[in-house]
Amino acid sequence: TQGQEFAFVALKSALGMRDEQVIVNRTVAIGGGFGRRLLPDFVLQAAVASKAVGAPVKLIWDREEDMLHDYYRPATFVRMSAALDPKGRPGALAARVVSPTILLPVFPPIESTLKDKGIDPSALEGMLETDYAIPARRVDFHLLQTVIPTSVMRTTGYGPNVFAIESFVDELAIAAKVDPYRYRHSLLAGNARALRVLDRAAALGDWGKPLRKGHGRGMAYAHAFGTRLAMVAEVEVARDAVKVRKVTTVVDCGEVLDRGIAEASIEGGVVFGLAYCKAEVTFKNGRPEQDNFNGYELPYLAEAPSMVTEFIEGGRPLGGVGEVSPVTVPPSIGNAIYAASGKRIRSLPLSRHGLRFA
């Protein structure tokens with residue numbers, strides 16, 4: 001479990017035990033958590049079964065049980081509009097976000113805020129704050145009530161919100177007839193740390209170098225989880241097939257404490273981002289239609305791009321690297337697909353647009 005304290009409190013409450021009667025053993029070998037293992041439902045199930053039979057039990061969910069009884073990443077809808085100045089830059093930006101809760105299952109004390117104010121702070125991450133110099137901004141939020149259990153999936157609200165913002169900024173750049181990199185550069189003017197990662201990503205990602213027909217590069221920038229990150233994706237589009245050739249990522253997380261772990265987190269997160277572009281869970285008659293990896297298809301090794309990852313030591317404060325890189329993958333790939341084919345990606349997965357990974 002990722003949530004040892006959460007499991008402790010849940011067990012104590014469910015079993016009616018005192019603090020000293022509950023011990024949660026910690027292990028360094030958790031494997032992948034990525035949000036789902038914050039929740040204690042499987043811990044409680046094992047404990048209740050053990051109490052019922054009066055003996056230790058080993059509880060294993062098979063893959064179908066796991067996928068059919070998940071807490072799913074919320075489906076999110078974002079509508080954006082902007083008022084542009086004479087240079088084509090946004091003088092005002094408005095966003096309307098609709099999302100079910102992300103935070104409630106992993107932080108039950110937020111329930112009163114959800115009821116009284118109708119706001120889930122996690123669903124607004126990446127939308128309320130931005131490094132872009134935009135004089136006026138407005139964000140409206142609607143908390144969608146659904147019986148489908150929803151919660152965190154590596155990136156929380158930053159994922160859908162940065163996808164929306166970075167895709168929209170790219171559209172604004174095209175409308176202004178300005179290179180998308182230069183457009184972002186102008187919006188980040190005066191932010192030295194942001195410009196360092198943006199400029200370095202453009203250089204490492206070969207931004208501006210000629211490409212063959214059907215090839216394109218896309219860019220995305222984010223300041224998420226305390227970390228600044230810029231990404232350049234290079235893709236090839238041939239009919240319905242999208243081949244992600246290269247992903248370049250430049251990261252300023254403050255001080256890098258362990259370069260090997262940090263690099264693995266960033267590059268593993270790139271593959272997570274590819275999965276968000278490739279697969280989805282859909283529901284029919286109140287039941288998920290995908291119950292194993294034959295229906296929810298993860299990226300294959302052959303679909304993984306070459307990766308270039310670089311860290312900039314920006315100083316304090318420290319930021320995180322565990323969740324940040326999946327944030328910029330969908331918008332950078334979507335923007336690259338537009339550059340290669342003229343097809344604009346405003347929703348995921350890519351199959352909604354008749355596209356597949358090659």
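## Exercises on a predicted model

The crossing of helices α1 and α2 is right-handed, meaning that the near helix is turned clockwise from the far one by less than a right angle. This is a predicted model, in which local features need pLDDT of at least 70, side-chain atom pairs count only at pLDDT 80 or more, and totals for chains, interfaces and linings use all residues. Residues are numbered from 1 along each chain as its sequence is written, and side-chain values use heavy atoms, with hydrogens and water left out.

**Exercise 1. Describe how α1 and α2 pack.**

Step 1. Locate the helices. α1 covers residues 4-15 and α2 covers residues 41-53. Helices (H or I, at least four residues) and strands (E, at least two) are DSSP runs, numbered from the N terminus.

Step 2. The angle is about 35 degrees, and the axes lie 10 Å apart. Axes are lines fitted to C-alpha atoms, for helices over the stretch in contact; angles run from 0 to 180 degrees between N-to-C directions.

Step 3. List the contact (heavy atoms within 4.5 Å). α1 brings Ala7, Ala10, Leu11, Ala14 and Leu15; α2 brings Val43, Leu44, Ala47 and Lys51.

**Exercise 2. Find the pairing partners of strand β6.**

Step 1. Apply the rule: two strands pair if DSSP finds at least two bridges between them.

Step 2. Take β5 (residues 227-238). It runs antiparallel to β6, with 11 bridges. Leu229 has Val251 of β6 as its bridge partner. Two residues separate the strands in a hairpin, and Arg239 in the turn has a positive phi of about 60 degrees.

Step 3. Take β9 (residues 306-311). Six bridges join it to β6 in the parallel sense. Here Thr248 stands opposite Val308.

Step 4. Take β10 (residues 356-357). Two bridges link it to β6, again parallel. Val242 has Phe357 of β10 as its bridge partner.

Step 5. Check burial (under 20% relative accessible area, 1.4 Å probe, protein chains only).

**Exercise 3. Explore the largest nonpolar core.**

Step 1. Define it: buried Ala, Val, Leu, Ile, Met, Phe, Trp, Tyr and Cys residues joined through side-chain atoms within 4.5 Å.

Step 2. Among 34 residues, Val235, Phe311, Ile333 and Ile337 touch the most other members.

Step 3. Find the main supplier. α9 gives the most, with six residues.

Step 4. Follow Ile337. Beyond its neighbours within four places in sequence, its contacts include Val235, Val242 and Leu355.

Notes. Buried < 20%, exposed > 50% of the residue type's maximum accessible area, 1.4 Å probe, protein only.
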